[in-house]
Amino acid sequence: MAAASPAAGTGSDPTELQLWKPFLVRAVASAVFGLLTIFWREPSTLVMSLAGGLYLLLVGSAYLWTHRMAHWGSSSKLLTDIGGGLLLGAGVASLVFIDDRSFAFAGAVALIVAGLAELVRGLAVHGHPAARDLVIVGVVGTATGAILPFVEQLGAHALLGVTGGGALVTAVVLGIAALSYRHDSALGALPSSGVRSEPDPVN
């Protein structure tokens, strides 16, 4: 779940709370993909490659957006750049090579590296409001990628099921986090003078 929300005015950097934007994009993309994998009962390899490829491309772009925000500093920058690049590459590979093996192994490498990068960054910036969220989604991504090669022989339905399950967990974590940070950033934008009401005039 999202890390405890910092109260407005406690000294949190407002730019940190702007994470709600890429987090929300990742949450929506993950939720749509995850629900697709649930309701599409008998997906073909073509459906898996197209849906999975587009999902990896969109999530990879939002992943890079998340980790290139200035407030992170230089901690784990190279690793997160590699992780985001691999997600984009896996998306392209899934769209170009329409087969189970490409999706399973390209997706596995991308999800494991990107997940580990997010886990490392979450542990490195333990004072950041999103640290716990990064650790959770990092573990989920790494676990999802590690499982994919083992279900490759079971076909598109199993591959989508594993990937979609991880996507739904990610959607819940990042969706709650995004709404929390959006709320906190809105509170932080209120002028302090607006918090105190004017005294009623005495007749």
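R182 lies over the face of W20, 5.1 Å from the ring centre. A charge counts as sitting over a ring if NZ of Lys or CZ of Arg is within 6 Å of the ring centre and within 35 degrees of the ring normal. The structure is a predicted model, in which local features need pLDDT of at least 70 and side-chain atom pairs count only at pLDDT 80 or more, while totals for chains, interfaces and linings use all residues. Residues are numbered from 1 along each chain as its sequence is written, and side-chain values use heavy atoms, with hydrogens and water left out.

The protein chain has seven helices and zero strands. Its pattern along the sequence is α-α-α-α-α-α-α. Helices (H or I, at least four residues) and strands (E, at least two) are DSSP runs, numbered from the N terminus. Of the 203 residues in the protein chain, 48% are buried. Buried means under 20% relative accessible area, exposed over 50%, and partly exposed in between (1.4 Å probe, protein chains only). Contacts are heavy atoms within 4.5 Å. Among contacts in the protein chain with a separation of 6 or more, 81% come from residues 24 or more positions apart. The accessible surface of the chain is about 10,100 Å², and carbon and sulfur atoms hold 70% of this area. Accessible areas come from the Shrake-Rupley method with a 1.4 Å probe; for residues, only the protein chains shown count as cover.

Two aromatic pairs are found in a search of the whole structure. The rings of F23 and Y181 have centres 6.2 Å apart and planes at 40°, so this pair is tilted. It links distant parts of the chain: F23 belongs to helix 2 and Y181 to helix 7 (residues 156–189), 158 residues apart. Both F23 and Y181 are buried. The pair of F33 and Y55 is stacked, with 4.3 Å from centre to centre and 10° between the planes. Here F33 in helix 2 is linked to Y55 in helix 3, 22 residues apart. F33 counts as buried because its relative accessibility is 4%. Y55, at 11% relative accessibility, also counts as buried. Rings of Phe, Tyr and Trp (its six-membered ring) pair if their centres lie within 6.5 Å; planes under 30 degrees apart count as stacked, over 60 as edge-to-face and the rest as tilted.

V25 also lies in helix 2. This residue is partly exposed, because its relative accessibility is 31%. Leaving aside residues up to four places away in sequence, V25 touches L58, A62 and W65. W40 is placed in the loop between helix 2 (20–39) and helix 3 (45–67). W40 is partly exposed, at a relative accessible area of 40%. Its C-alpha atom is 8.8 Å from that of H157, 117 residues apart along the chain.

On the surface, L78, I82, L86 and V109 form a nonpolar patch with about 350 Å² of accessible area together. Patches are made of residues with over 30% relative accessible area and no salt bridge: like charges are joined within 9 Å, nonpolar side chains (Val, Leu, Ile, Met, Phe, Trp, Tyr) within 5 Å. A salt bridge is a side-chain nitrogen of Lys or Arg within 4 Å of a carboxyl oxygen of Asp or Glu. Helix 4 (residues 77–96) gives the largest share of the nonpolar patch, three residues. L78 is found in helix 4. With a relative accessible area of 63%, L78 is exposed.
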